[in-house]
Every structure is written in structure tokens, then in C-alpha cells.
Amino acid sequence: MRKSLLALGVVAAVSAVPAQAEYLYGFGSMYLDYQKWDHGFGNDDSNFGQEISERNQAVIGIEGGAVFDWGQIYGFYDYEGVDRAGDNRGASLKGTIHYNLTDSGISLYAQVYNTDKDKGPTLHEQNRVLGLGYTGLKGDGWGFTPFIGFHQVNTEANSEGVAISGSNGGMFGYVGYYNTDIAGQNFTFSTWNELEFARNDEYAAVQSTDFASGVGSESWGLNGSLNAMWNVTDHISTGVLYRYTVNKLARKDYQDILIYRVQYNF
């Protein structure tokens, strides 16, 4: 958890730098998720010697974002496995910032993602991205924000003594959302994707392991989600998130999961 707290401090510090600028709008929420790996379509129950259902877990989290005249920020914190014993839980944190370089919306983009887990496959990893983005694709009730940048990674040694630190190629990604009314009810549809490319050999081996052969070598990986939320009231939302990965989360090829969410909006 030490790295999660460090990353949270870094994100808070970066976010505070331009805080005197004009605030335009933002959001914040707390949520309870239940992740159902056995409701996916592409999962292999031989991974790590686990049945698929053993990977199901409850997660509580908080997220928020804000748009200013200079750009935008976003962050979340997940506490994972709250329905498990205390030594079988994890935590993930992410913070992003777009700082507009031009009036058209070309931005300086930075991202920090940190995850810690002490049981199952032990995992202590921090990812950092620095590059360019674009914040100009938006309208009434919708937005689409892409980015591309250099990717760095730092992991602590796992049970096999493998630790990875340094350059890890590049990352292209985007976040998009669309808010609309259907039959008198308000819905928000959103998506995010991150494509890692030109990964270093050590990271590729860990992230795309074929558990039949024990070998991984894919130089690219995909991580993303498709989300549908019904905004029941101004403060209560519920919905389903379809989460998917390719050559990511230490698993080769396609993996997916359904996440059922109940959310309180501030």
C-alpha cells in the first residue's frame, strides 16, 4: 500500500498546481462493484491454478474529475477484495492530467497508475505515461479525449525474483462518454482504452504468459472497458461495466469480466 499512498500524494500535488484557474465543471462518486470473472467469455480457468469463480471479488472505490479553462484532471482509488480476508486484498490508484498547450485543445498529458496485491499473483507495479493529448473533441453531453505517450514501468520483484524498471515503449489511449435520455430516463455510456506497444521483453513475458507453456512474448497489450450506467436519480446510479484485456494482467490473449456497479454521485 506504500506505493499507492505515494502515488496519491503525487497526483494530489500535480492537480493542485493550477487550482487557481477557472473551474468549469466536474463530478465525483463513490461506488460498490462486484467483479464476475465467470460472467466473461474469454477466460481460462487454468490461470494461476484458480477456478474462474475464485477470481470474483467485491470492490469499493471513489473517483472524480474536473475541467478547468487550462485543461482537465481525473483520478480514482479502488480497494479490491473487500469480501475476502485482509491478507488477500489489493488496491489500485490512477491519476491523469491534460494541460492545454493551445486553444485548439492539444495538451500535455501525464498519467500515473499504481496497483498493489499481496496474494494470488503477487503484484506491485507503477506505470507512468508522459506525452500529448487532445481535449477539443466535445459537445453537448459527449466528449472524446485521446492521448499518446512514452510509457515507463516499475515493479517490485515477484515470487520468481523478477523486477522490471525503466522504459516500456509507448501507450495510446482514449476516454469517451455520451449522456442521453431514453424513455424519460437518463443514461451515461462511456469507454476507455489503453494500448501498450513496443513493450520491453521482460514486461512482455510477465504480462502475456501462456500458462500451458509458461512462456509470454507479446510486445503489445490492450486494456479497456465499455460501460452503461442508468442515472436513477441525481445521486444514485447503477449499471454494468464490460472490462476486457488482451495480453495484460499476466494473462495471454483475450480475457474479460462483467462488473456490476451501484454508485452514489456527490
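Colleague: Does His151 count as buried or exposed?
Modeller: This is a predicted model, in which local features need pLDDT of at least 70 and side-chain atom pairs count only at pLDDT 80 or more, while totals for chains, interfaces and linings use all residues. Residues are numbered from 1 along each chain as its sequence is written, and side-chain values use heavy atoms, with hydrogens and water left out. A residue is called buried under 20% relative accessible area, exposed over 50% and partly exposed in between (1.4 Å probe, protein chains only). Because its relative accessibility is 1%, His151 counts as buried.

Colleague: In which strand is the place of His151?
Modeller: Strands (E, at least two residues) and helices (H or I, at least four) are DSSP runs, numbered from the N terminus. The protein has two helices and 13 strands, and the one that holds His151, residues 142-155, is β8.

Colleague: Which strands pair with β1 in the antiparallel sense?
Modeller: Two strands are said to pair if DSSP finds at least two bridges between them. Strand β1 (residues 23-36) is joined by 12 antiparallel bridges to β2 (residues 57-68), with Leu32 standing opposite Ile60. With β13 (residues 251-265) there are eight bridges, also antiparallel, and here Tyr31 stands opposite Gln263. The strands asked for are therefore β2 and β13.

Colleague: How many salt bridges does the structure hold?
Modeller: Among them is the salt bridge of Lys36 and Asp38, at 3.4 Å from N to O, where Lys36 is buried at 18% and Asp38 is partly exposed at 34%. Another joins Glu218 and Lys252 at 2.9 Å, with Glu218 in the loop between α2 (201-207) and β11, and Lys252 in strand β13. The structure's count of salt bridges is seven.

Colleague: Through how many residues does a hairpin join β11 to β12?
Modeller: Strands β11 and β12 pair in the antiparallel sense over 10 bridges, and Trp230 has Thr238 in β12 as its bridge partner. In the loop between β11 (221-231) and β12 (236-248) lies Val232, which is partly exposed, with a relative accessible area of 36%. The number of residues through which the hairpin joins the two strands is four.

Colleague: What angle lies between the planes of Phe187 and Phe189?
Modeller: Rings of Phe, Tyr and Trp (its six-membered ring) pair if their centres lie within 6.5 Å, and planes under 30 degrees apart count as stacked, over 60 as edge-to-face and the rest as tilted. By this rule there are 11 aromatic pairs. Phe187 and Phe189 form a stacked pair, 6.3 Å from centre to centre, with an angle between the planes of 15 degrees.

Technical notes: A salt bridge is a side-chain nitrogen of Lys or Arg within 4 Å of a carboxyl oxygen of Asp or Glu.
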